[in-house]
Amino acid sequence: MRHDHLLSAGQLTREDIEAVLDRAADLADDPGAVGGRHADRLLALCFFEPSTRTKMSFDTAMKRIGGDTVDMGSVESSSVKKGESLADTVRVIEGYADGIVLRHPSEGAAKLASQFVDVPVINAGDGAGQHPSQTLLDLYTMRERAGLDDLTVGIMGDLKYGRTVHSLASALTNFDARMHFVSPESLRLPRGVRFDLHDAGAQLREHTDLDEVLAELDVLYVTRIQRERFPDENEYQQVAGQYQIDAGTLERARDDLTVMHPLPRVDEIAPDVDATDHAAYFAQAHNGVPVRMALLDELLGDGDAGAAAATDGGDSR
Amino acid sequence: MSDAPDRELRISKIRDGTVIDHITGGQALNVLAILGIGGDEGIGVSIGMNVPSDKLGTKDVVKVEGRELSQGEVDVLSLLAPEATVNIVREFEVVEKKRVERPERVVGLLTCPNHNCITNADEPVESAFGVVDDGVRCEFCGEIVREDIGDHLAVH
């Protein structure tokens, strides 16, 4: 991978993705394969929004490759509360750590941060923008379950504000995927994302009813309707509770359908799906650790695996 | 004979400076904003707005005395006035005609309409937009602006 930073999935080529996934598979089998290359290296965890999986899996991944983490803590307990700019925050933290994992409520925050520091910045979610490391573990999970070529993928839920959706759709353009987007009209893909997909020649269709496409799918990627992203509570209430699936819904799907979700879920996947062979979302969350180990090994590495991580931070979104 | 000469007389000729013609109707003030001309610089500025045009239906015309536009300034005009023509005038004669070409990107000129874009937070960074086929795109959040680009000028 030839990038200084990981800001969006759009900067990832198929070769980049497969390199990380292959490395992740190796590390899942043998976590000690990284050796002591990352001893004494520190990763800063800067989460301006709440997070469980992303933060803990980066923390775990860094420690599993022999390094350690420093945590900015909550916004309420940091200098951000005093009005410090993001640019100043990351410039200070650059002096403490060898890389920065940044989650922020504003779109473009990771890109901005990358312009002020020399250490690698990993976008761990920027508002409704992008979440590229989630996409890598999503692809890892898909590859394990269904392969990555000649796939029919349904992506359902909050397509407007869903950053995991934006990143995943972008990355899938590297593969021979047919994409079906299922959402209420008010939560359709934003114009910029649709622009990129068309620009990449993606095969995509948009639906309001899952039944129009369910039987064709290899993968159904469900997302939560994110109450916290809605500027208007009324707008949220109009769509809340729609697009739920349960075991009965999946009787109309293929037996080998894989159901994924970036989690947390609320009510969009009923608990009775958990016991079916379709459910892949907990394995998907667990895959965050080896995938992020591979990613950190690549971006922070100065040994063999990281030798290519030195040149271009270009973000081709 | 058309009544064009009368209209020409409404905006007097200039000795030295720049005449920007064929501006999209109603965009003259935004063009001045792009050029950073607010009216208190002491230079003469003549504006014709929504005058009839065979080519555009209606058009705006701006004449700026004592100032010759750079190619960079001319290029950003293309975002608001893709049909504009720019004439450099010296001693009442047109000595140079500049082509309006779309730039690859514009920096610090527009504000992003996405209120949640980091460039709208209080951060020490200039906005940056790439120019796409039929609009501009924020390099930070990916927001695309196609219509009413003039509404998003940062230099108003």
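This is a predicted model: local features need pLDDT of at least 70, side-chain atom pairs count only at pLDDT 80 or more; totals for chains, interfaces and linings use all residues.
Author: A polar contact is a pair of N or O atoms within 3.5 Å; within protein, one must be able to donate a hydrogen and the other to accept it, and residues adjacent in sequence count only if both atoms are side-chain atoms. Across the interface of chain B and chain A, nine residue pairs are in polar contact, both residues being at pLDDT 80 or more. The residues on the side of chain B that touches chain A divide into nine nonpolar, three polar and six charged, where Ala, Val, Leu, Ile, Met, Phe, Trp, Tyr, Cys and Pro count as nonpolar, Asp, Glu, Lys and Arg as charged, and the others, Gly among them, as polar.

Reader: How many residues does each chain bring to the contact, and how much area is buried?

Author: Chain B gives 18 residues and chain A gives 21 residues, with contact meaning heavy atoms within 4.5 Å. Together the two chains bury about 1,600 Å², 52% of it on carbon and sulfur atoms; buried area is the accessible area (1.4 Å probe) that two parts lose on being put together, summed over both. Ile118(B), Arg137(B) and Phe140(B) supply 35% of what chain B buries against chain A, more than any other three residues.

Reader: Why is strand 1 of chain B called largely enclosed?

Author: Seven of the eight residues of this strand (residues 17–24) are buried, so the rest of the structure largely encloses it. Buried means under 20% relative accessible area, exposed over 50%, and partly exposed in between (1.4 Å probe, protein chains only). Strands (E, at least two residues) and helices (H or I, at least four) are DSSP runs numbered from the N terminus.

Reader: How do you know that strand 1 of chain B pairs with strand 3 and with strand 4?

Author: Pairing requires that DSSP find at least two bridges between two strands. Strand 1 and strand 3 (residues 57–65) of chain B share six antiparallel bridges, so they pair; Thr18(B) stands opposite Val64(B) there. Five bridges join strand 1 to strand 4 (residues 85–90) of chain B, also antiparallel, with Val89(B) as the bridge partner of Gly17(B).

Reader: Are Glu91(B) and Asp148(B) exposed or partly exposed?

Author: Glu91(B), at 46% relative accessibility, counts as partly exposed, whereas Asp148(B), at 51%, is exposed. Glu91(B) has a positive phi of about 50° although it is not a glycine, and phi of Asp148(B) is near 55°.

Reader: What makes strand 6 and strand 9 of chain B edge strands?

Author: The open sheet of four strands has the order 6-7-8-9 (chain B), with antiparallel pairing. Strand 6 (105–107) and strand 9 each pair on one side only.

Key
Residues are numbered from 1 along each chain as its sequence is written. Chains are lettered from A and ligands numbered from 1 in the order in which they are written. Side-chain values use heavy atoms; hydrogens and water are left out.
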